[in-house]
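User: I would like to go through a structure with you, one residue at a time. Here it is.

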Amino acid sequence: MPAIFTKIEKIKPLYDVTYKVMLFACKILLICDIAITAWAVAGRYVPFINDPYWSEEVVLTLMVYMAVLSATLAIRKRSHIRMTAFDPYLSPMALKVSDLLADVAVFVLGIILLAYGIKLCTSPLATLGRYASMPGLSKFWQYLSIPVAGLGMAIFELEQIFQRIKAFYEKDETKEKEAN
């Protein structure tokens with residue numbers, strides 16, 4: 001196996017830490033989402049609790065962040081939605097190639113989301129736009145979820161692409177051992 005794989009394996013702890021931080025962020029977002037929603041619902045039915053006027057927009061924004069972060073986590077665990085109907089009919093090599101191509105396509109999508117998201121976050125739409133219920137808060141925070149999603153996708157897809165390429169070499173080494 002090429003020495004480059006050994007060197008790249010050394011950054012696995014960085015992926016592990018990134019995964020744990022994103023998972024923790026998802027948990028905090030979920031807790032905040034539930035708490036704000038419960039407060040808003042209670043405010044509608046309990047006379048002495050005020051319904052926060054900003055709850056709907058904040059809950060929606062938190063849900064967007066939670067969705068994009070959890071989607072990036074699914075990439076790392078390979079638990080995202082994928083088409084497997086034809087997998088039994090493909091040769092092992094064709095399956096490896098198609099999985100690699102799918103990962104490269106998702107990586108490219110992540111880079112596009114990152115680039116487009118940064119452009120959108122710096123546009124007047126984000127910097128001058130305001131939440132309707134909170135005029136003091138910029139729409140930048142809502143649009144920031146796009147480059148966050150792109151960055152997360154790109155980071156975890158790099159790891160997946162590395163693993164897919166490494167699998168090509170592992171198979172070759174197994175054949176060499178069997179031949180000897």
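User: Is Cys26 buried or exposed?

Analyst: Cys26 counts as buried, at 8% relative accessibility. Buried means under 20% relative accessible area, exposed over 50%, and partly exposed in between, with a 1.4 Å probe and protein chains only. Please note that this is a predicted model, in which local features need pLDDT of at least 70 and side-chain atom pairs count only at pLDDT 80 or more, while totals for chains, interfaces and linings use all residues. Residues are numbered from 1 along each chain as its sequence is written, and side-chain values use heavy atoms, with hydrogens and water left out.

User: How many disulfides are found in the whole structure?

Analyst: The search finds 0 disulfides, a disulfide being a pair of cysteine sulfur atoms within 2.5 Å. The closest cysteine sulfur to that of Cys26 is in Cys32, and because the distance is 12 Å, it is too far for a bond.

User: Changing topic: where does Asp33 lie?

Analyst: Asp33 lies in helix α2, residues 12-45. Helices (H or I, at least four residues) and strands (E, at least two) are DSSP runs, numbered from the N terminus. Asp33 is buried, with a relative accessible area of 6%.

User: Which residues does it touch, leaving out those up to four places away in sequence?

Analyst: Asp33 touches Val59, Leu62, Met63 and Met66, where contact means heavy atoms within 4.5 Å.

User: How do the axes of α2 and α3 cross?

Analyst: The axes of α2 and α3 (residues 55-77) come within 9 Å and cross at roughly 150 degrees. Axes are lines fitted to C-alpha atoms, for helices over the stretch in contact, and angles run from 0 to 180 degrees between N-to-C directions. The crossing therefore makes α2 roughly antiparallel to α3, as angles over 145 degrees count as roughly antiparallel, under 35 as roughly parallel, 65 to 115 as roughly perpendicular and the rest as oblique.

User: What about Arg78, where is that found?

Analyst: Arg78 is found in the loop between α3 and α4 (92-121). Arg78 counts as partly exposed, at 40% relative accessibility.

User: What is the phi of Arg78?

Analyst: Arg78 has a positive phi of about 55 degrees, although it is not a glycine. Most residues other than glycine have a negative phi.
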